[in-house]
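Have the viewer open as you read.

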Amino acid sequence: MRLRKSRRVVHLVFWLSVSMLTVPFTGWTAGQQPAPESSAQAPERQRDCAAVLAVVEEQNRKLQQELRHIKRELTLLNQNMEKPGIREVIAGVGFILGLFGAVALFSLRRRFRADREA
Amino acid sequence: MHIADGVLPFSITAAGYALTVCGVGISLRTLHNEDLPKIAVVTASFFVASLVHLPLGPTSVHLLLPGIVGALLGSSSFLSITIGLFLQSLLFQFGGLTALGANALMMGTPALICGWLFRRIRGQTRTSNAVAGALVSGIGTMMAACILAALLMTAGEDFWGVARVAMIAHIPVIVVEALVGAGIVSFLYQVKPELLIPGAASG
């Protein structure tokens, strides 16, 4: 369960990073396009700009949503990792029983020796 | 109910450690070899009981069992609780190693008092034993909460609110502990009554 969740997080992070890698290239191609200079096309250009801006903002919002989602999953994963599991319980119980077993062994040995000397 | 690292001032931490060492020394002094298995089992139960979480509104609280540990172990309860808290801080990240002394003091003192009280009021019948177990469990938790609040108050005025919240959060725990304590004591009285006599050889 934990493994599957972490794999999903890794996938999301991977695709997010890939999509972010493409961002500079799109900006570069947009910059390479020769800008039309005539004043008659100015309103059209403005409209284009607004459209591009809208698209970029839309993408930004989507990315932010996904980032928030990933962050939430990460905190959940961290919380799950911090919770003590069955392994810790068994380790602790084993430690306690072993400790008292060792004490019992030594005290028994001492008494055995005392009995033999007596 | 654990105090985290770095909350308490150094003097309180050191005093807690010193008193804990004294308590463990007393426990070791009064230790009987025949009681070792019982102490081991009670310590393990105490260690695991803190994982039993009761959902309570936005937060959750967990069982503490100082009263029952005291009732079962008497003067050896301090040793048991110190070992249990040490392992909890190592494995569960409850509290911390520097605050271990204060935490052991907070849980061990009620256990000692409860053990003494339980022997005084337990009586001879099963009902009176169960009632005594419930009472002792509730009082033990209440005392632990009071000591926690007092320790937090020494940490500064910022923790007054925290102390109050801790006190309020432990009211349901006291009720649940009393029920659990009554159940455990009445069961043990029926199945193995000699377990309820602290310090006596349990065969």
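Helices here are DSSP runs of H or I with at least four residues, numbered from the N terminus. Just past the end of α3(B), Gly74(B) takes a positive phi of about 65°. Bear in mind that this is a predicted model, where local features need pLDDT of at least 70, side-chain atom pairs count only at pLDDT 80 or more, and totals for chains, interfaces and linings use all residues. Residues are numbered from 1 along each chain as its sequence is written, while chains are lettered from A and ligands numbered from 1 in the order in which they are written.

So what about α3(B) itself, residues 66-73: buried or exposed? Eight of its eight residues are buried (20 or more other C-beta atoms within 10 Å of a residue's own, with C-beta atoms placed from the backbone). Among them are Pro66(B), Ile68(B) and Leu73(B). They pack against α2, α4, α5, α6 and α7 of chain B.

Two of those partners, α4(B) and α5(B), also meet each other. Contact means C-beta atoms, placed from the backbone, within 7 Å.

Finally, the contact between the chains takes 14 residues from chain A and 14 residues from chain B. On the chain A side, the largest share, 12 residues, comes from helix α3 (residues 86-117) of chain A.

Definitions and conventions: A residue is buried if 20 or more other C-beta atoms lie within 10 Å of its own, exposed if 12 or fewer, and partly exposed in between; C-beta atoms are placed from the backbone. Helices (H or I, at least four residues) and strands (E, at least two) are DSSP runs, numbered from the N terminus. Two residues are in contact if their C-beta atoms, placed from the backbone, lie within 7 Å.
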